[in-house]
Amino acid sequence: MKLKGKIDMMGFLKELKKCTGEVFFETPDGDCLALKSALSQYIFCTIANEPELFETGTLRFEYESDIALLLPWIEEI
């Protein structure tokens with residue numbers, strides 16, 4: 001699933017904490033960030049400032065039930 005181009009990063013990270021399972025941000029190159037990790041969140045925020053990286057990445061959820069929590073930031077399902 002793709003993220004919307006411009007997101008409220010603080011709101012996204014706040015809701016991310018409520019997810020039961022892990023949420024991964026994956027790049028087309030195969031890099032994978034486990035977004036519940038503080039270090040991964042820092043890297044994710046840095047990537048958000050690079051549109052060519054941010055817009056080509058996708059989200060993957062450990063549990064489908066967590067998708068509803070982050071739906072406001074998801075572009076497509």
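## Questions about a predicted chain

Q: How do you know whether the radius of gyration of the chain agrees or disagrees with that of a compact globule?
A: The radius is taken over C-alpha atoms, and the globule rule is 2.2 Å times the number of residues to the power 0.38. For 77 residues, a compact globule would have a value near 11 Å; the chain has 11 Å, so the two agree. Along the principal axes, the C-alpha atoms fill a box of roughly 30 × 25 × 25 Å.

Q: How many helices and strands does the secondary structure of the chain come to?
A: There are four helices and three strands. Helices (H or I, at least four residues) and strands (E, at least two) are DSSP runs, numbered from the N terminus. From that end, the order of elements is α-β-β-α-α-β-α.

Q: What makes β1 and β3 a pair?
A: Two strands pair if DSSP finds at least two bridges between them. Strand β1 (residues 23–26) and strand β3 (residues 58–61) share four bridges, in the antiparallel sense. V23 has F61 as its bridge partner in β3, and E26 stands opposite T58.

Q: What makes β1 and β2 a pair as well?
A: Three bridges join β1 to strand β2 (residues 32–34), and the two run antiparallel. F25 stands opposite L33 in β2. The hairpin of β1 and β2 has five residues between the strands, and G30 there takes a positive phi near 95 degrees.

Q: Why is M9 called buried?
A: Buried means under 20% relative accessible area, exposed over 50%, and partly exposed in between (1.4 Å probe, protein chains only). M9 has 15%, so the residue is buried. M9 lies in helix α1. Leaving aside neighbours within four places in sequence, M9 is in contact (heavy atoms within 4.5 Å) with F44, C45 and A48. The C-alpha atoms of M9 and F44 are separated by 9.7 Å, although the residues are 35 apart along the chain.

Q: Why does E15 count as buried?
A: Its relative accessibility is 17%, and therefore E15 counts as buried. E15 is also in helix α1. Apart from neighbours within four places in sequence, E15 is in contact with L69, L70 and W73.

Q: What makes helix α1 mostly covered?
A: Six of the eight residues in α1 (residues 9–16) are buried. They are M9, G11, F12, L13, E15 and L16. Their cover includes β1, α2 (38–48), β3 and α4 (67–70). Over the whole chain, buried residues make up 39% of the 77 residues.

Q: Why is D8 called partly exposed?
A: D8 has a relative accessible area of 47%, so D8 is partly exposed. D8 lies in the segment before α1.

Q: Why is K4 called partly exposed?
A: K4 has 36% relative accessible area, so K4 is partly exposed. K4 is found in the segment before α1. Not counting residues up to four places away in sequence, K4 touches F54, P72, W73, I74 and E75. K4 and E55 are 51 residues apart in sequence and 7.7 Å apart in space, C-alpha to C-alpha.

Q: How do you know that the side chains along β3 alternate?
A: L59 and F61 point to one face and are buried.

Q: What share of the contacts in the chain with a separation of 6 or more comes from residues 24 or more positions apart?
A: Such residues account for 64% of those contacts.

Notes: Residues are numbered from 1 along each chain as its sequence is written. This is a predicted model: local features need pLDDT of at least 70, side-chain atom pairs count only at pLDDT 80 or more; totals for chains, interfaces and linings use all residues. Side-chain values use heavy atoms; hydrogens and water are left out.
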